[in-house]
Every structure is written in C-alpha cells, then in structure tokens.
Amino acid sequence: TDLTCLFLGQPLANPLMNASGVCCRTTTELDTLASSAAAAMVTKSCTLEPRTGNPEPRYSSLPLGSINSMGLPNEGYQYYLDYAERFDHERKLLFLSISGLTLDDNVEMIAAIREAVNPALLEVNLSCPNVPGKPQTGYDFEAMDELLDEVNDAYKRPFGVKLPPYFDISHFDAAAEVLNRYPRLAFVTCINSVGNGLVIDPDTESVVIKPKDGFGGLGGAYVLPTALANVNAFYRRCPDKQIIGCGGVQSGTEAFLHLLAGASLVQIGTALYEEGPAVFDRVLGELTAIMASKGYTSIDAFRGKLKTL
Ligand SMILES: O=C(O)c1[nH]c(=O)[nH]c(=O)c1I
C-alpha cells in the first residue's frame, strides 16, 4: 500500500500534517513535528509582532472535540521566517501560516517572506475567529478579494489560503469565485474551526474557556461533516487548485473520508493536541489498513471519487 501524494508537484511520503495552531508555536514544537511521521507541517499563524494571546483557560477538550479562543498567540513572523530559513526542506514540506491583523501587516510579512532564500509554502489565514474586534476576512468576500489581490501582486510564488467553514451553497459559490480569480492561489485549506461555539459544563454551570464569555472555535468530531462538505465543495468548484482537508480527523477513517471528498493532504488538530505526534503513526496505520481492506494500492485510486446517490 503506497501512501505517496503529490502536492504542487512535490512527492510526499504520506498525506498527513498538523493543523496550524497545534504543536507549532515554538521551535521545540516545530522540531517535534519535523521528527514525526507526518510528511508535512505548518507553523502557528503569525502576526507582525509577537503576541501573548488571550487570557487562559483558552483551550478545552471534550469527548466530542475541542473549543479554543487562543487569540493568535505567536512569536512574530520573523521567528517563523528564521525557522524556515534553517529548515531542511528536503526532509519535509513546511508551510508558513500568516494571519496579519491588517491588510498592511499581511503585505509587510509577505514582502519579507518573498525575499526568503529557503521558501516555505505560504498559507494566508483568512479565518481566525478569536481576535476580539476582528471579523473574519473569510466571511467578507470583498475584503477577501482585496487581500488576495495584494497577496497575488506581492508574492510571486504559489500560495494558499485557510478558509473558515461555510454553511450556505451561495457562499461556497461566492468564495470559490474569488479564489478562482487567482491562478497562483494553488491550494485551499478547509476548514478552520467552527467559530464562536459555546461549551457549557453542566456540573459547574459555567463556560469552559475564559476569553469572550466562553465563545470559541470548535474542532474535533463536532465539525467532521462540515469539514467534509467544505473540502468537497471547493474540490468541485476549484478544479485547478489542491484542497487540504482539516477538521474532525481522529483516525484513519476520517482521513480516508477527507481524501474521498477530494483532499490532497489531511491535517490533524484536536487529536494531535490530545495525543501528541504519535497520532500520525496511528492514523497512517489505520489508513493503510482501510486501503488494504478495500484493495486500494494508492491514494489516487480513490481520492476525490466520492459517490453520490
Ligand atoms: O485563536 C487562535 O489563535 C486561532 N484559533 C483557531 O481556531 N483558528 C485560528 O485560525 C486561530 I489564529
């Protein structure tokens, strides 16, 4: 059973990587990912200046998933640029995620990243749900088009975006129409957390995270059907782009479903947070077993081949 995947023309040993934000804020965490079985990895979304993020507790996990309102804590973009410059890109595909607080901040970060000798793949996060007072760019199609136009001009290499979940067919259509205006926008990562959920503990009768009165982004099993829908919606609407699936991957089964829905790579967030990097070995083993039981000898044999009724 061969798990090899092609991403932007580069062969990878398998389709797995972390979801941005999990196990990827510090060089120690990033080195852990570099030593893991994952074939690719992405840095924590960064801003121009370092940020401490929201007050704690800002993450909580439950049997069905997680809720977070981290508030974009990161070491500042130069830290991740330095990590990318030192990184052995032959060893693993490295993505660098940016989430500037303003359009100008994004442009300034991109201008620096563009000069980098050792380029990581740029992922522009349009979907952070947890910075108080900052509405998500991904839910404002005009702002999204304006930002992508700037990124496309400033950054002459292939890049991608991290999208929030959409829940209306007209929004899939509108978002895809914007994305398809940019040929160098080569990949689309769906989905970011399902924004502003509210987890309440029946015993304490309280919310479980401190920021924003307990409102935060949902991950884990809660979001799997929404993640699969977004992966498949953009897979159908953006035939010239590759889709990275994120959301609800806890075993080989969900990784298989994301691939079936059209994903080229599959990210693991909540389960990585809970289990650590061994989750990649476990999920790879489970995915291999599922493929063997179905007689698939390669991922291309079933990727995107979701059946409808
Ligand atoms: O609160 C965060 O740091 C955060 N949390 C998320 O769930 N998604 C994001 O894109 C970000 I930037």
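Guide: Helices are DSSP runs of H or I with at least four residues, and strands are runs of E with at least two, numbered from the N terminus. The model discussed here is a predicted one.

Visitor: Which helices each supply at least two residues of the lining of the second largest pocket?
Guide: The second largest pocket holds about 350 Å³ of space. Its lining is made up of 20 residues, and G100, L101, K134, P135 and T137 lie nearest the centre. The elements that each supply at least two lining residues are α3 (103-115) and α4 (141-154).

Visitor: Which element gives the largest share of the lining of the second largest pocket?
Guide: By class, that lining comprises nine nonpolar, eight polar and three charged residues. Three residues, the largest share of the lining of this pocket, come from α4.

Visitor: What is the volume of the largest pocket?
Guide: A pocket is an open set of grid points, whereas a cavity is a set from which the probe cannot get out. For the largest pocket, the computed volume is about 800 Å³.

Visitor: Which residues lining the largest pocket are the closest to its centre?
Guide: The lining of the largest pocket consists of 43 residues. They divide into 19 nonpolar, 19 polar and five charged residues. The closest to the centre of the pocket are S20, G21, V22, N68 and M70.

Visitor: Which element contributes the largest share of the lining of the largest pocket?
Guide: About the largest pocket, with its volume of about 800 Å³, the elements giving two or more lining residues are β6 (65-68), β14 (215-219) and α8 (270-275). The largest share is four residues, and these come from α8.

Visitor: What is the area of the nonpolar surface patch that includes I200?
Guide: I200 lies in strand β12, which spans residues 200-201. I200 counts as exposed because its relative accessibility is 53%, and exposed means over 50%. Together with L198, V207 and F215, I200 makes a nonpolar surface patch of about 320 Å².

Visitor: How many residues apart are the partners R25 and E75?
Guide: R25 and E75 form a salt bridge in which the closest N and O atoms are 3.0 Å apart. R25 lies in the loop between β3 (16-18) and α1 (27-34), and E75 in the loop between β6 and α2 (77-86). The pair therefore links distant parts of the chain, and the separation is 50 residues.

Visitor: Is R25 buried, partly exposed or exposed?
Guide: Buried means under 20% relative accessible area, and exposed means over 50%. E75, the partner of R25, has a relative accessible area of 27% and is therefore partly exposed. With 24% relative accessibility, R25 likewise counts as partly exposed.

Definitions and conventions
Residues are numbered from 1 along each chain as its sequence is written. This is a predicted model: local features need pLDDT of at least 70, side-chain atom pairs count only at pLDDT 80 or more; totals for chains, interfaces and linings use all residues. Side-chain values use heavy atoms; hydrogens and water are left out. On a 1 Å grid over the protein atoms alone, a cavity is a set of points where a 1.4 Å probe fits but cannot get out, and a pocket is an open set with protein on both sides within 12 Å along at least five of seven lines; lining residues have an atom within 4 Å of a point. Grid points are joined across faces, edges and corners, and a volume is the space filled by probe spheres set on the points. Ala, Val, Leu, Ile, Met, Phe, Trp, Tyr, Cys and Pro count as nonpolar, Asp, Glu, Lys and Arg as charged, and the others, Gly among them, as polar. Patches are made of residues with over 30% relative accessible area and no salt bridge: like charges are joined within 9 Å, nonpolar side chains (Val, Leu, Ile, Met, Phe, Trp, Tyr) within 5 Å. Accessible areas come from the Shrake-Rupley method with a 1.4 Å probe; for residues, only the protein chains shown count as cover. A salt bridge is a side-chain nitrogen of Lys or Arg within 4 Å of a carboxyl oxygen of Asp or Glu. Buried means under 20% relative accessible area, exposed over 50%, partly exposed in between (1.4 Å probe, protein chains only).
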